[in-house]
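Biologist: Please show me the model, and let me ask how its labels were reached.

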Amino acid sequence: MRNPFRSLRRTLGLSVATLALAGTAISASAETRVTYKSASAGTAYYQMGVELSEAIRQGTDDAIILTLEESQGSVQNVMEVMARQGNYVFTTPPALVDQAMAGEGAFAERQNPRFQEIRGLFPIPSITMHFVLAGDQGATDITALEGKHLLIGRGTFGAREAARYLALFGLEESVKIADAAIGSGPDALKNGQIDGFVTASSFPSPNVIETAASMPVTLVSLTDEQIEQTGAPRQTIPGGTYPGVDKDVETTSLPVIAYTTTYMDDDTAYTLTKTFWERRDAMAEEAAWWSSISPEMLENMTGPLHPGALRYYEEAGIEVPDALR
């Protein structure tokens with residue numbers, strides 16, 4: 001006679017196994033993937049992406065995975081909003097978001113209603129202008145660029161800002177511009193193909209560290225009057241940040257924000273923002289640039305916050321400017 005209890009045990013065993021497999025499938029499907037687009041490989045902002053990706057992975061127990069994509073600059077990052085769907089996070093100075101929403105500047109001929117769907121998440125370290133020359137002076141003034149062969153890159157904020165400064169200080173006719181991507185700057189300088197390069201990244205910049213490790217470098221330091229002429233915020237690179245540059249270097253900077261779009265759901269935006277702030281101190285222990293981040297930097301953001309990010313700031317008691325709500 002067939003044992004009904006044995007049959008029941010088999011049925012229960014199958015049910016438990018089925019539930020276990022289903023649970024595994026649900027767990028796998030619960031993993032959220034986010035594309036993170038910031039800068040070209042070898043730059044400080046690409047390295048920040050690597051660090052942020054690991055911080056989010058650890059902070060969410062692998063529930064959110066950031067996949068890095070190399071970028072040629074902030075304008076490209078914003079432009080891709082037109083085509084991106086799903087969880088797209090990108091970094092850019094907030095001024096470019098303003099331009100995109102208003103259909104001005106680089107976006108004047110490529111206006112798109114998708115730009116109105118851009119939403120803010122959190123600040124990241126500011127862009128700092130580095131004018132790097134071969135030589136052992138440590139720090140020098142802007143006139144040292146006269147007659148030099150300089151690599152400033154293509155299509156990036158740093159390239160546009162460098163060109164603006166050269167024009168502003170009457171150097172555009174005397175400086176030869178190399179036609180190459182900024183990533184080739186360190187090797188080109190070490191090989192003697194150029195006299196210097198300009199990189200816009202948070203300090204300490206991997207490009208400058210790489211170069212200074214193998215040859216003497218000099219950084220251009222601006223005067224108070226020159227900084228005022230640029231109209232950009234002052235940034236001091238402390239002496240000792242780079243080998244051989246023992247004096248403080250005065251330069252300029254630009255705030256940078258991590259943005260997404262309304263395609264991201266509220267819970268994902270909430271978890272990303274919460275995890276970023278909760279992991280900030282741990283990231284700063286590994287890389288000094290994260291220590292510069294504070295909630296007060298939300299004042300630099302333009303365009304509204306993502307509702308999920310806003311929920312975190314309100315829960316954390318962080319003051320949010322009315323313009324971001």
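Biologist: Why is Phe90 called buried?
Modeller: In this predicted model, Phe90 has a relative accessibility of 0%. Buried means under 20%, so Phe90 counts as buried.

Biologist: What makes Tyr259 buried?
Modeller: The relative accessible area of Tyr259 is 0%. That value is set against the cut-off of under 20%, and therefore Tyr259 is buried.

Biologist: Why is the pair of Phe90 and Tyr259 called stacked?
Modeller: The ring centres of Phe90 and Tyr259 are 5.9 Å apart, and rings pair if their centres lie within 6.5 Å. The planes of the two rings stand at 20°; planes under 30 degrees apart count as stacked, so this pair is stacked.

Biologist: Which parts of the chain does the pair link?
Modeller: Distant ones: Phe90 lies in strand β3 (residues 88-92) and Tyr259 in strand β11 (residues 249-261), 169 residues apart.

Biologist: What makes the pair of Tyr165 and Phe169 edge-to-face?
Modeller: The angle between the planes of Tyr165 and Phe169 is 70°, and over 60 degrees counts as edge-to-face. Centre to centre, the distance is 6.2 Å, against a limit of 6.5 Å. Both Tyr165 and Phe169 are buried.

Biologist: How do you know that the charge of Arg311 sits over a ring?
Modeller: The charged end of Arg311 is 4.2 Å from the centre of the Tyr270 ring. The distance has to be within 6 Å, and the charge within 35 degrees of the ring normal. Tyr270 belongs to an aromatic cluster whose members include Phe122 and Trp277.

Technical notes. Residues numbered from 1 in each chain as written. Predicted model: local features only at pLDDT ≥ 70, side-chain atom pairs only at ≥ 80, totals over all residues. Heavy atoms only, no water. Phe/Tyr/Trp six-rings, centres within 6.5 Å; stacked < 30°, edge-to-face > 60°. Helix = DSSP H or I, 4+ residues; strand = E, 2+ residues; numbered from the N terminus. Buried < 20%, exposed > 50% of the residue type's maximum accessible area, 1.4 Å probe, protein only.
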